[in-house]
Amino acid sequence: MNNPNIKLKQHNNLPTKKQVNTVGHWIMLSPSSVQMKKLPYAEILMKRRGQLACKDTDTEAMEVDLANALSSHVVYACIEENIAPFDLLTLARKMIAAQGKQKAERLGIVLCGFEHKRAELVAEAIIAAACAMAAEMPNYKSDRPSSPVLRRLELYGIKVGHGFKRTMAEAEGNALARFLSMLPPNELTPGNYVRRIRKLARENKWKLTFYDIKALHKKKAGAFLAVVQGSTEKDAGIVRLQYTPNSPGPKGKIALVGKGICYDTGGTNLKPAKFMYGMHEDMQGSAVALGTFLALTRMQVNFPIECWLAVAVNHIGPKAYKPNDVIKASDGTSIEIVHTDAEGRMVLADTLAMASLQKPKLIIDYATLTGACVYSIGTAYSGVFTNREKFHPTLIQAG
């Protein structure tokens, strides 16, 4: 998996015209056209804005080529100081995409006139978008486009001591989740998925425990085993990863749990054709859990974390579980099967029960669990719920 490999250099001051002339690609932002006048080549940028009859602030990215030796391509915008986070991220994506079309290998980013905290948030958005573009994703097309080439960012107008370590770590976790989610189901089988996880564990010095079918029988994990009994390949199982900090802090252990159904046919209650397409994405909960786990590892957080992944396939076949079956989960709870396309909550039942035995302070469960969420609130929102009401504001803000 190719994660973003971008080097970031910070400069507290704005670039001079001479510095601008040494880099072929730039992104420039200011909170107003008044502040924009302080930028190198401001007269050219202002003239372009006048041609487009722009307002003093907007969220549209504009482009201009400078008349220097490199014909430096500049993407710039004036934005409101209190721009909403979603709008800021959308603008960052557009600006980075414009430079991506130019095959930028080295990119200058200039922030002019922002209050320091706001400048830091704007920089985070641009850096995150740059890392997202630079991450190489699976590509199976016969006529493949050239790979991303962005490798270096030069940030002007702000310098912070943390070096955007968290932003870069989140970008790497994001790239991992996206990469895994894009793999086709004949490639990301449960067995292959676990092999990829083992490789990541070795690279990051995570402790890995894999509970295979035999081990889960010993644990009487009937909910998980019911789902996988229709598979001819006995490669499913529950993965437990452990991160231990070098210098533990006062916080308790956190458990991340992810649904990893590599393909979901619906089982005996077979899905209609139009709902079958894209069901290789039913493992995205586990991809997000694993990406989050990687990001927290990169940040070297001072609290222990466990990552539990329920890796399986919901197959159809003569041995597949069926409605009216009654099974027993590992904690002794008996379950009557009503609909076999509820396989996610089945595999997660045993995974959550096993994770809870380790007595974490907090469990965060990621799952593409039910279409009812989309029916209820559409695709512009994500659904979240918790049995700890005090967490709702934090979860909403994080989203």
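## Terms and model

A residue is called buried when its relative accessible area is under 20%, exposed when it is over 50%, and partly exposed in between (1.4 Å probe, protein chains only). By that rule Arg166 is exposed, with a relative accessible area of 53%.

The model is predicted, so local features need pLDDT of at least 70 and side-chain atom pairs count only at pLDDT 80 or more, while totals for chains, interfaces and linings use all residues. Residues are numbered from 1 along each chain as its sequence is written, and side-chain values use heavy atoms, with hydrogens and water left out.

Let's start with helix α11, which spans residues 284–298. Helices (H or I, at least four residues) and strands (E, at least two) are DSSP runs, numbered from the N terminus. With 15 residues, α11 reaches 21 Å from its first C-alpha to its last, close to the 21 Å expected at 1.5 Å a residue; that expectation is 1.5 Å times one less than the number of residues.

How many of the 15 residues of α11 are buried? Eleven are, which leaves the helix mostly covered. Among them are Gly285, Leu290, Phe293 and Leu296. Their cover includes the helices α6 (165–182) and α7 (190–204), along with β8, β9, β10 and β13; contact here means heavy atoms within 4.5 Å.

## Salt bridges

Side chains of opposite charge can pair when their charged atoms come close. A salt bridge is counted when a side-chain nitrogen of Lys or Arg is within 4 Å of a carboxyl oxygen of Asp or Glu. The count comes to 14 salt bridges.

One of them joins Glu170 and Arg166, at 2.8 Å, N to O. These two are four residues apart in helix α6, so about one helical turn separates them. Glu170 is partly exposed, at 37% relative accessible area.

## Links across the sequence

Glu306 and Arg240 also meet in a salt bridge, at 2.6 Å, N to O. Glu306 lies in strand β10 and Arg240 in strand β8, so the pair ties together parts 66 residues apart in sequence. Glu306 is buried at 3% relative accessibility, and Arg240 is buried at 11%.

Lys271 and Asp341 form another salt bridge, at 2.7 Å, N to O. Lys271 sits in the loop between β9 and α10, and Asp341 in the loop between β12 and α12, 70 residues apart. Lys271 is buried, at 14%, whereas Asp341 is partly exposed, at 23%. Elsewhere, salt bridges that share partners join Arg106, Arg152 and Glu154 into one network.
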